[in-house]
Amino acid sequence: MLSLVAPAAPQISSLDIIEPDDCGSNNGTITINATANDPEFSIDGINWQASNVFNGLPQGDYTVFIRELGATNCTDQEMATLTAPAPPVINFVDFVDPTDCGVDDGSITISATGTMLEFSIDGGANWQSSNTFSGLGSGSYDIIVRVVGTINCTDQDNAVLSAPAAPII
């Protein structure tokens, strides 16, 4: 008696995900780990490739697929989500003007929403983890808030500190 045995269906065993590292970046990666005899892989169900690694991906939801080479019915699929850092939002900037001309006792406090933030008041030349800057003189300050280690995950504002006018003789 002759027995026909159907080949085992391909199966996704796990997904390795590397998230995009910056807002708007296309450097995420999905690696599909699977069992199949002669597999091909897809992250959209339309375009297939022999490699199980998909690079250059932006944040988003992906349905990943595996199938035997050229097969249309025998597939396995799983959902994958790539998430980039959320950009910070400056809620408000509170500032205290210097008390007298030539005195550097003004301050700026930045209230921002976000995770792992750092702050600058000089247009990004210098950064600090504290949202408060003190010992400031009169002048214009270019405020930037960013997610630590990113370039594009920023929000910007400005503040102008004014000292009392000097007396006129």
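What follows is a set of questions and answers on a predicted model.

Reader: How many helices and how many strands does the chain have?
Author: From the N terminus on, the elements run β-β-β-β-β-β-β-β-β-β-β-β. The secondary structure therefore comes to zero helices and twelve strands.

Reader: Is the chain compact or spread out, judged by its radius of gyration?
Author: The C-alpha trace spans about 115 × 20 × 20 Å along its principal axes. For 169 residues the globule rule gives 15 Å, and the radius of gyration is well over that value, so the chain is more spread out than a compact globule. The radius of gyration is 27 Å.

Reader: What share of the contacts with a separation of 6 or more joins residues 24 or more positions apart?
Author: The count takes contacts in the chain between residues with a separation of 6 or more. Among these, residues 24 or more positions apart account for 52%.

Reader: Is threonine 29 buried or exposed, and with which side chain does its own side chain make a polar contact?
Author: Threonine 29 lies in strand E2. Its relative accessible area is 10%, so threonine 29 is buried. Leaving aside neighbours within four places in sequence, threonine 29 is in contact with residues including Asp16, Ile17, Val53, Phe54 and Leu82. The polar contact, at 3.1 Å, is between the side chain of threonine 29 and that of asparagine 55.

Reader: Over how many bridges do E3 and E5 pair?
Author: Proline 39 has glutamate 68 as its bridge partner in E5. E3 and strand E5 (residues 60-68) pair in the antiparallel sense, and the number of bridges is four.

Reader: Why is one side of E7 and of E10 left without a neighbour in the sheet?
Author: Three strands form an open sheet in the order E7-E8-E10, with antiparallel pairing. Strand E7 (89-96) and strand E10 (132-136) stand at its edges. One side of each is left without a neighbour because each has a single partner strand.

Reader: Which residue in E10 is the bridge partner of glycine 106?
Author: Strand E8 (residues 106-113) and E10 run antiparallel and are joined by four bridges. In E10, the partner of glycine 106 is leucine 136.

Reader: Which element gives the largest share of the largest nonpolar core?
Author: Of the 17 residues in this core, Ile108, Ile110, Ile121, Leu136 and Ile143 touch the most other members. The elements that give two or more residues are E7, E8, strand E9 (117-120), E10, strand E11 (139-147) and strand E12 (154-161). Another core, of 13 residues, lies apart from it, with Ile32, Phe41, Leu57 and Leu82 among its members.

Reader: How far apart in space are glycine 139 and leucine 161?
Author: Glycine 139 lies in strand E11, and with 26% relative accessibility it counts as partly exposed. Not counting residues up to four places away in sequence, glycine 139 touches Ala159, Val160 and Leu161. Glycine 139 and leucine 161 are 22 residues apart in sequence, while their C-alpha to C-alpha distance is 5.3 Å.

Notes:
Residues numbered from 1 in each chain as written. Predicted model: local features only at pLDDT ≥ 70, side-chain atom pairs only at ≥ 80, totals over all residues. Heavy atoms only, no water. Pairing = 2+ DSSP bridges. Buried < 20%, exposed > 50% of the residue type's maximum accessible area, 1.4 Å probe, protein only. Polar contact = N/O pair within 3.5 Å; in protein donor to acceptor, adjacent residues only side chain to side chain. Contact = heavy atoms within 4.5 Å. Core = buried A, V, L, I, M, F, W, Y, C linked by side-chain atoms within 4.5 Å. Rg over C-alpha atoms; globule rule 2.2 N^0.38 Å.
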